[in-house]
Amino acid sequence: MILLPALALLSCGQNSFEKKLNGKWYGRENDGFTRFYFYPDSLISMEWNTQNVKWTANESKIEFDYIEQWPYQTFIKDTTAMILEYALSDNNNTLSFIKVKDSNMGRNFNLIRADNYFEFLSKISGVPFKLPYDNKIQRIKLEGSYGLKFFIENTNGKTTIVSEFGNGMDYINKDVINFKRNLQPLDRYHQRKLESEIHFRIFADKSISDEEIEKLIQKIPESEVKKVFRIYESENYYNFETLAGKPIKTIANKK
């Protein structure tokens, strides 16, 4: 009862451009790893670390203090005044940054507005889904970077499955090849790690049964991917490595 009036007062102190930015934003180019959470009184940025800072914005620029802290060097910190040029899409759902200097390299990147990570995935895949929930489902003990994502929806009785590359199951072999190529193992250790940990993460609407999913994914070659998980809603999924997942049977892993 106290918090809501306080936030309302803070929001009144914002200009019209800042009010449009309020909300959670996820990096399109890196699977939401870059996150900006704009609040009336603070900006929480998450990438390699988490920072909570004050911020301001006008029609074309966002300003805040960024604290550079080298890994494992707790006491070495450099504060940089960040001024980011940005553009907001007409529907206020895409936030684009240009001419951003990061580690002496220029880069452009885009953020998608979403209430949470799963809504972000739904938006970038174009597949609407609401995940099932079961508090007995365990967390996946495999690195998220080795998980190729598939999205399944059920609209008007028609089931559609799309990979993170935008393809259906007929292109699964090509998608697996592209997925492995994008990971670019640095050495033999990472190559072996890739081969042992590569898996599918299925984001299927709760209206779709496990049996339906099993039928849809039977085109997985036995030699390619043997681990498939159906992803469930989880209360703490800000760490994408620890999503809740239930193993799903395929031709490749039935033996």
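How many helices and strands does the chain have?

Modeller: The model is predicted, so local features need pLDDT of at least 70 and side-chain atom pairs count only at pLDDT 80 or more, while totals for chains, interfaces and linings use all residues. Residues are numbered from 1 along each chain as its sequence is written, and side-chain values use heavy atoms, with hydrogens and water left out.

The chain has six helices and 14 strands, taken as DSSP runs (H or I of at least four residues for helices, E of at least two for strands). Of its 255 residues, 39% are buried, meaning under 20% relative accessible area with a 1.4 Å probe, protein chains only.

Now the rings. The whole structure holds 14 aromatic pairs; rings of Phe, Tyr and Trp (its six-membered ring) pair if their centres lie within 6.5 Å, and planes under 30 degrees apart count as stacked, over 60 as edge-to-face and the rest as tilted. One of these pairs joins Phe-36 and Phe-38, edge-to-face, with 6.0 Å centre to centre and 75° between the planes. Phe-36 and Phe-38 are both buried. Tyr-117 and Phe-118 make a tilted pair, with 6.0 Å between centres and 45° between planes, and these two residues are buried as well.

Tyr-117 and Phe-118 also belong to one aromatic cluster, together with Tyr-26, Tyr-37, Phe-120, Phe-129, Phe-151 and Phe-203. Over the ring of Tyr-37 sits the charged end of Lys-24, 5.2 Å from the ring centre; the criterion is NZ of Lys or CZ of Arg within 6 Å of the ring centre and within 35 degrees of the ring normal.

Terms used:
Buried < 20%, exposed > 50% of the residue type's maximum accessible area, 1.4 Å probe, protein only.
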